[in-house]
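These are my notebook entries on one structure. I record below what I looked up, entry by entry.

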Amino acid sequence: MTARRLSLVPGGVHSPAPKRKAGALRVAIATQDMKSLDAHFGSAKRFAVYDVSRDDWKLVEVLDFEDVSDESGEHRTEGDHRITPKVEALKGCHLLFCLAIGGPSAAKVVSAKIHPIKVPNPQSIEDVLSRTRTMLRTAPPPWLRKVLTEAGATEKKPFDDED
């Protein structure tokens, strides 16, 4: 299975992986319709990839997959040929939002330094991005501060300044 990368090409020059805006988090959202976070990791036909900063967000690219799982929730070894290409295509993302993700898939995502976030119900992509931006503006939770530091989007605070 290969991923098709659909990206905006400013100035007509295509690069293999768009550069991330300084201070932004790269966020991937599992979607079937490009309007909602509405897919499980394994069955997602598309991942909408955004750069999200305190002030705005920008669509960077769309990753499109043809060979996806059936959302049965069963872990099968032959599914590895579907998981690995998705994880490889998502490298460089910091957060991954999806409705569900199995244990083996989550382990591969985490080992690629991508923080998976399961959302209990479908919701609009705009709502997900807005809440992410709000978390960046306000006091981010500890797990997000760690992601921000690792992404180079914020400076690591000395121990004395921690909550």
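**Entry 1**

I began with Glu-88, which counts as partly exposed because its relative accessibility is 44%. On the scale used, buried means under 20% relative accessible area, exposed over 50%, and partly exposed in between (1.4 Å probe, protein chains only). I note that this is a predicted model, in which local features need pLDDT of at least 70 and side-chain atom pairs count only at pLDDT 80 or more, while totals for chains, interfaces and linings use all residues. Residues are numbered from 1 along each chain as its sequence is written, and side-chain values use heavy atoms, with hydrogens and water left out.

The side chain of Glu-88 forms a salt bridge with that of Lys-91, at 3.1 Å from N to O. The term requires a side-chain nitrogen of Lys or Arg within 4 Å of a carboxyl oxygen of Asp or Glu. Lys-91 is likewise partly exposed, at 45% relative accessibility.

**Entry 1. The other salt bridges**

How many salt bridges does the structure hold? I find three. Side chains of opposite charge can pair when their charged atoms come close.

Asp-51 and Arg-26 are joined through their side chains at 2.7 Å, N to O. Asp-51 lies in strand E4 and Arg-26 in strand E2, 25 residues apart, and the pair thus links distant parts of the chain. Both residues are buried.

Asp-64 and Arg-46 form a salt bridge at 3.3 Å, N to O. This pair also links distant parts of the chain, with Asp-64 in strand E5 and Arg-46 in strand E4, 18 residues apart. Asp-64 is buried, with a relative accessible area of 7%, whereas Arg-46 is partly exposed at 24%.

**Entry 2. The overall fold**

I then listed the elements and found four helices and eight strands. Helices (H or I, at least four residues) and strands (E, at least two) are DSSP runs, numbered from the N terminus. From that end, the order is β-β-β-β-β-α-β-α-β-β-α-α.

The protein has 163 residues, of which 39% count as buried. Its accessible surface comes to about 9400 Å², and carbon and sulfur atoms hold 52% of this; the areas come from the Shrake-Rupley method with a 1.4 Å probe, and for residues only the protein chains shown count as cover. Among contacts (heavy atoms within 4.5 Å) with a separation of 6 or more, 57% are between residues 24 or more positions apart.

**Entry 3. The nonpolar cores**

I looked up the cores next; a nonpolar core is a set of buried Ala, Val, Leu, Ile, Met, Phe, Trp, Tyr and Cys residues joined through side-chain atoms within 4.5 Å. The largest has 22 residues, and those with the most contacts inside it are Phe-41, Phe-47, Leu-63, Leu-90, Leu-96, Ile-101 and Val-109. At least two residues each come from E2 (25-31), E4 (46-52), E5 (57-64), H1 (80-90), E6 (95-98) and H2 (103-111). The element that gives the most is H1, with four residues. Another core, of 20 residues, lies apart from this one and includes Val-27, Phe-97, Leu-136 and Val-147. In soluble globular proteins, nonpolar side chains tend to be buried together.

Which residues of H2 are buried? They are Ser-105, Ala-106 and Val-109. Viewed down the axis of H2, these fall within an arc of 100°, so they line one face of the helix; the arc is that of the directions from the helix axis to the C-beta atoms. Just after H2, I found Lys-113 with a positive phi of about 65°.

In H4 (residues 142-151), the buried residues are Leu-144, Val-147, Leu-148 and Ala-151. Their arc around the axis is only 100°, which puts them on the same side of H4. They pack against E2, E6, E7 (115-118) and H3 (125-137). Pro-142, Lys-146 and Glu-150 are exposed on the other side of H4. Gly-152 follows H4 and has a positive phi, near 75°.

**Entry 4. His-94**

Where does His-94 lie? I place His-94 in the loop between H1 and E6. His-94 is buried, with a relative accessible area of 11%. Leaving out residues up to four places away in sequence, His-94 touches Arg-20, Ala-24, Leu-25, Arg-26, Lys-113, Ile-114, His-115, Val-147 and Ala-151. Between His-94 and Glu-150 I record 8.9 Å, C-alpha to C-alpha, across 56 residues of sequence. Glu-150 itself is exposed, at 57% relative accessible area.
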